[in-house]
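Q: I am new to this structure and would like to learn how to read its features. Can we take them one at a time?

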Amino acid sequence: MSLATKATVYLLEQDTNVTDTIRGLCDEKSMLLECFSNNNELLTAMQGVNPDCIIAANEKESEEAIQLLEALNEGEHDIPVIILGHHNDVHTAVAVIKAGAVDYIEKPVIYGRLAEHFNQVIRGEGAAAV
C-alpha cells in the first residue's frame, strides 16, 4: 500500500453501535470504511477491487461468517478477515479461524484489538492475529 493510498475496510455489521465504534476507529487511523448489509453485497463490491481488511459480524444461529470465508477462499482472495462474535461462542470462534479468519473478537469489547489489526494493515503487514 503506498503512502498516498488510504487503507480500505469493508464492514458487514448490523449493530449501529459497533458500526459507529469501527467508523470512529477508521477515522482515527485515516482509513476508508465501506459498510454492507449482507455477504452478496460485499462480494459484489469486491469485483475488481479488494479491500485491505474485512470485518464481518457473526450473528448467533447463522453461518454467514463461515459462508463469507468460504466464498473468499473459493475466489482465492488473500484479504485478512476479522470476525466479530458473541461472548462464549467458542464453537464459532474455532470454526472461523479454521476457515481462514485472522481473528475472532468478542463483542462489545472490540476497540483495542481492532486498533492493533488496523495498525498492522497501515504498516502493510496485513491483519495478523494478535
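Q: Which residues of strand 4 point one way, which the other way, and are they buried or exposed?
A: This is a predicted model. In strand 4, Val-81, Ile-83 and Gly-85 point one way, while Ile-82 and Leu-84 point the other way. All of these residues are buried. Five of the five residues of strand 4 are buried, so strand 4 is largely enclosed by the rest of the structure.

Q: Which strands pair with strand 4, and in what sense?
A: Strand 3 pairs with strand 4 in the parallel sense over four bridges. In that pairing Ala-56 stands opposite Ile-83. Strand 5 also pairs with strand 4 in the parallel sense, over four bridges, and here Ile-82 stands opposite Asp-103. Between strand 4 and strand 5 the chain passes through helix 4, and this β-α-β crossover is right-handed.

Q: What is the order of the strands in the sheet?
A: The sheet is open, has five strands in the order 2-1-3-4-5, and its pairing is parallel. Its edge strands are strand 2 (32–36) and strand 5 (103–106), each of which pairs on one side only. From one strand to the next, the twist averages 20 degrees.

Q: Which helices touch the sheet, and where?
A: Helix 1 (residues 16–28) packs on the sheet and touches strand 1, strand 2, strand 3 and strand 4. The direction of helix 1 makes about 160 degrees with that of strand 2. Helix 5 (residues 111–122) lies across strand 1, strand 3, strand 4 and strand 5, and runs at about 150 degrees to strand 5.

Q: How are two packed helices described?
A: Two packed helices are described by the angle between their axes and the distance between the axes. Here helix 1 and helix 5 pack at an angle of about 35 degrees, with their axes 11 Å apart. Their crossing is right-handed. On the helix 1 side, the residues that meet helix 5 are Thr-21, Ile-22, Leu-25, Cys-26 and Glu-28; on the helix 5 side they are Tyr-111, Leu-114, Ala-115 and Phe-118.

Q: Why is strand 1 described as largely enclosed?
A: Five of the five residues of strand 1 are buried, so the rest of the structure largely encloses strand 1. Both faces are covered, with Thr-8, Tyr-10 and Leu-12 on one side and Val-9 and Leu-11 on the other.

Q: How many bridges join strand 1 to strand 2, and how many to strand 3?
A: Strand 1 and strand 2 pair in the parallel sense over five bridges, with Val-9 opposite Leu-33. The chain goes from strand 1 through helix 1 to strand 2 in a right-handed β-α-β crossover. Four bridges join strand 1 (residues 8–12) to strand 3 (residues 53–57), and these run parallel. Leu-12 stands opposite Ala-56 in strand 3.

Q: Where do nonpolar side chains tend to be in soluble globular proteins?
A: They tend to be buried together. In this model the largest nonpolar core has 20 residues. Leu-42, Met-46, Ile-54, Leu-68, Leu-69, Ile-83 and Val-96 touch the most other members. Helix 3 supplies the largest share of this core, five residues. Apart from this core lies another of 19 residues, among them Val-9, Val-18, Leu-84 and Val-121.

Q: Which residues is Ile-54 in contact with, leaving aside its neighbours within four places in sequence?
A: Ile-54 is in contact with Tyr-10, Leu-42, Met-46, Leu-68, Leu-72, Ile-79, Pro-80, Val-81 and Ile-82, with those neighbours left aside.

Key. Residues are numbered from 1 along each chain as its sequence is written. This is a predicted model: local features need pLDDT of at least 70, side-chain atom pairs count only at pLDDT 80 or more; totals for chains, interfaces and linings use all residues. Side-chain values use heavy atoms; hydrogens and water are left out. Two strands pair if DSSP finds at least two bridges between them. Helices (H or I, at least four residues) and strands (E, at least two) are DSSP runs, numbered from the N terminus. Axes are lines fitted to C-alpha atoms, for helices over the stretch in contact, and angles run from 0 to 180 degrees between N-to-C directions. Contact means heavy atoms within 4.5 Å. Buried means under 20% relative accessible area, exposed over 50%, partly exposed in between (1.4 Å probe, protein chains only). A crossover is right-handed if, with the strands pointing away from the viewer, the path from the first strand over the helix to the second runs clockwise. A nonpolar core is a set of buried Ala, Val, Leu, Ile, Met, Phe, Trp, Tyr and Cys residues joined through side-chain atoms within 4.5 Å. A crossing is left-handed if the near helix is turned anticlockwise from the far one by less than a right angle, and right-handed if clockwise.
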